Amino acid sequence: MNISLENQVAIVTGGSSGLGRAICLAYGAAGAHVVVNYRSDEKEGKEVAHLIEQAGGKAIAVQADVGEEADVDRLFATAINQFGAVDILVANSGVQKDAAFADMTLEQWQGVMQTNLTGQFLCARAAVKAFRLQGDRGVSRAIGKIICMSSVHQVIPWAGHVNYAASKGGVALLMSSLAQEVASEHIRVNAIAPGAIRTPINEAATQGDAAKKLLELIPYGRIGDPDDVAKAALFLASDLADYVVGTTLFVDGGMTLYPGFEDNG
Ligand code: NAI
């Protein structure tokens, strides 16, 4: 089945690499006009936009730090200026700054919160304002869709990554509380919680011996590809998911089934 996002405008934060890149390409192929946000890797951001255009789609690359209010306002203003509207936000940007708890610096804590949680707040708020202002454009059953990139660590505790797990736990309730607040306006807010997907954020954990150890945590027996997540993002953005509101879709090969209990614990 082909999923169409024809005539819709999508902003994907952190679109220059990993999951964001795959989502940008999938949205472009589905006919969306794509705003590829990047923070510092301009070359990669522009390359993603170029690939979409080469395939016959429309895209622009826009620099913005999602943790900075003025940057987020500029990102949305640029999208609206260029494409006339915003219909879909994928709040995907995220970072890890790992440390044992007692060694974790305030900078490491705040750095992760700033991007992973405040960044999602700022982008989602800008999206809700844009959806309200433009109203029903007749391009989708909902007047706007927000997809928050969470993680299996919104439910699985993660020693050595307390800042990251806390940020994703925060994303879960940011997403569901916002979904509850705006559902009556036909704004759909959902999240994706990936498990282990091979991208730059977890390069060390997904290669060699580390990968073998990781596979013990994945009942389905493989590490995920960015496309596994892009397909979920395509579904959630489309009218196929029109009755899906306030849900987290786990894309994790069964990681949250706690495979350690498979043999009676
Ligand atoms: P990645 O490192 O390739 O992507 C993260 C992107 O966020 C990068 O493009 C980076 O430039 C961007 N970014 C970081 N700080 C930013 C800021 N302040 N403003 C704008 N952009 C910023 O890694 P990946 O895996 O693609 O991560 C994407 C999202 O998926 C993250 O939120 C991550 O937490 C989440 N995730 C990834 C999993 C995986 O196994 N790869 C598992 C669970 C969640």
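**Pockets, cavity and ligand**

Author: The second largest pocket is lined by F121, A124, R125, V128, K129, R132, L174, L178, E181 and V182. Please keep in mind that this is a predicted model.

Reader: Which elements give two or more residues to that lining?

Author: Those elements are α4 (106-134) and α5.

Reader: And which one gives the most?

Author: The greatest contribution is from α4, which supplies six residues to the lining of the second largest pocket.

Reader: How much space lies in the second largest pocket, and how do its lining residues divide?

Author: The space in it comes to about 160 Å³. Its lining has six nonpolar and four charged residues, with no polar ones.

Reader: Turning to cavities, how many of 30 Å³ or more does a search of the whole structure find?

Author: The search finds one cavity of that size. The largest cavity holds about 50 Å³ of space.

Reader: Which residues line the largest cavity?

Author: Its lining consists of Q8, D87, D136, R137, G138, V139, S140, A142, I143, G144 and K145. By class, these are three nonpolar, four polar and four charged residues.

Reader: Now the ligand. How many residues surround it, and which are the closest?

Author: The ligand is surrounded by 28 residues, and the closest are S17, N92, Y164, I197 and T199. In that shell, 11 residues are nonpolar, 14 are polar and three are charged.

Reader: Which residue has a side-chain N or O atom 3.2 Å from a nitrogen atom of the ligand?

Author: That residue is T115.

Reader: What about backbone atoms?

Author: A polar backbone atom of V66 lies 2.9 Å from a nitrogen atom of the ligand.

Reader: Which elements give two or more residues to the shell around the ligand?

Author: They are α1 (18-29) and α5 (162-182).

How values were computed
Residues are numbered from 1 along each chain as its sequence is written. This is a predicted model: local features need pLDDT of at least 70, side-chain atom pairs count only at pLDDT 80 or more; totals for chains, interfaces and linings use all residues. Side-chain values use heavy atoms; hydrogens and water are left out. A residue is near a molecule or strand if one of its heavy atoms lies within 4 Å of it. A polar contact is a pair of N or O atoms within 3.5 Å; within protein, one must be able to donate a hydrogen and the other to accept it, and residues adjacent in sequence count only if both atoms are side-chain atoms. Helices (H or I, at least four residues) and strands (E, at least two) are DSSP runs, numbered from the N terminus. Ala, Val, Leu, Ile, Met, Phe, Trp, Tyr, Cys and Pro count as nonpolar, Asp, Glu, Lys and Arg as charged, and the others, Gly among them, as polar. On a 1 Å grid over the protein atoms alone, a cavity is a set of points where a 1.4 Å probe fits but cannot get out, and a pocket is an open set with protein on both sides within 12 Å along at least five of seven lines; lining residues have an atom within 4 Å of a point. Grid points are joined across faces, edges and corners, and a volume is the space filled by probe spheres set on the points.
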